[in-house]
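Please look over the chain shown here before reading the notes. They are arranged by topic.

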Amino acid sequence: MASPANSVPDTQLGLTNDEIALLRHHQQAAASTAGGSSSRAASRASSQGLLLLDTASLASLGRHFDRLMQQIQARLDYLSEQSAMVAQQQYDRAGNLIQTADSEIARFHDILRQIDELELDFDRIRHIRDIVRSYRARVEEMEQQMEHSGTSSRHRHRHGEGSGGSSRRHRR
């Protein structure tokens, strides 16, 4: 079971229910493509409604969202080209073929509907990706602070032993 110390409930990320469902789905997908023990932990956390806050899980999830957004963008570009072609075809045929025109208009509306759906998914994924990036930055910052803190305390400890540590032992 994922530890509460290194995870956050996905319901507390400021996401809509649809975005939470997308996050859980894509956490599972990212975990299944990554493999290894951290991906199994991420998969378990996702099924428990948690987002793991370790660098590897967040980086894997971030890369997954980047790839997904590239795929969506490519599909948007393709559909935009298709809609431009349909619009041009419609313009060329409008005067002669009313039946064909109606079919192309229906196709055009379907393409626009798909574009709207993809743009909505794109915005949702971007929002989730931005939250994941934010948590990743926080985790990395905390890790750096902990490393810096650990280095500083070890340095002070060694310094204290070399100068005043022996005089304290004699006073006991």
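The notes below cover the fold, the cores, selected residues, the salt bridges and the confidence of the model.

This is a predicted model, in which local features need pLDDT of at least 70 and side-chain atom pairs count only at pLDDT 80 or more, while totals for chains, interfaces and linings use all residues. Residues are numbered from 1 along each chain as its sequence is written, and side-chain values use heavy atoms, with hydrogens and water left out. The chain has five helices and two strands, and its largest nonpolar core has 28 residues.

**Overall fold**

- Read from the N terminus, the order of elements is β-α-α-β-α-α-α. Helices (H or I, at least four residues) and strands (E, at least two) are DSSP runs, numbered from the N terminus.
- Of the 172 residues in the chain, 33% are buried. Buried means under 20% relative accessible area, exposed means over 50%, and partly exposed lies in between (1.4 Å probe, protein chains only).
- Carbon and sulfur atoms account for 51% of the accessible surface of the chain, which comes to about 11300 Å². Accessible areas come from the Shrake-Rupley method with a 1.4 Å probe, and for residues only the protein chains shown count as cover.
- Taking contacts between residues at least 6 apart in sequence, 73% join residues at least 24 apart. A contact means heavy atoms within 4.5 Å.

**Nonpolar cores**

- A nonpolar core is a set of buried Ala, Val, Leu, Ile, Met, Phe, Trp, Tyr and Cys residues joined through side-chain atoms within 4.5 Å.
- Helices α1 (17-34), α3 (55-93) and α4 (98-163) each contribute at least two residues to this core. The most come from α4, which gives 10 residues.
- Apart from this core lies another one of five residues, including Ala31, Ala42, Leu50 and Leu52.

**Selected buried residues and their contacts**

- Beyond its neighbours within four places in sequence, Phe65 contacts Leu23, His26, Ile125, Ile128, Arg129 and Val132.
- His26 is in helix α1 and is buried, at 10% relative accessible area. Not counting residues up to four places away in sequence, His26 touches Leu61, His64, Phe65, Leu68 and Ile125.
- Ile111 belongs to helix α4 and is buried, with a relative accessible area of 5%. Leaving aside neighbours within four places in sequence, Ile111 is in contact with Leu79, Gln82, Ser83 and Val86.
- Ile111 and Val86 are separated by 25 residues in sequence and by 9.4 Å in space, C-alpha to C-alpha.

**Salt bridges**

- Side chains of opposite charge can pair when their charged atoms come close. The whole structure has 11 salt bridges, each defined as a side-chain nitrogen of Lys or Arg within 4 Å of a carboxyl oxygen of Asp or Glu.
- Arg124 and Asp18 form a salt bridge, with their closest N and O atoms 3.2 Å apart. This pair links distant parts of the chain, since Arg124 is in helix α4 and Asp18 in helix α1, 106 residues apart.
- Arg124 counts as buried at 19% relative accessibility, whereas Asp18 is partly exposed at 46%.
- Arg113 and Asp110 meet through their side chains in a salt bridge of 2.5 Å, N to O. These two residues are about one helical turn apart because they lie three residues apart in helix α4.
- Arg113 is partly exposed, with a relative accessible area of 39%, and Asp110 is partly exposed at 31%.
- Arg136 pairs with Glu140 in a salt bridge, the closest N and O atoms being 3.1 Å apart. They are four residues apart in helix α4, so about one helical turn separates them.
- Arg136 is partly exposed at 33% relative accessible area, and Glu140 is partly exposed at 28%.
- A network of salt bridges links Asp66, Arg129, Asp130 and Arg133.

**Confidence**

- The mean pLDDT of the chain is 82, and 80% of the residues score at least 70. pLDDT is the predictor's confidence in each residue, from 0 to 100.
- Among the elements, α3 has the highest mean pLDDT (90) and helix α5 (residues 165-171) the lowest (46).
- Over residues 162-172 pLDDT stays under 50, and the model has two contacts beyond four places in sequence for this stretch. Where pLDDT is low, the predicted coordinates should not be read in detail.
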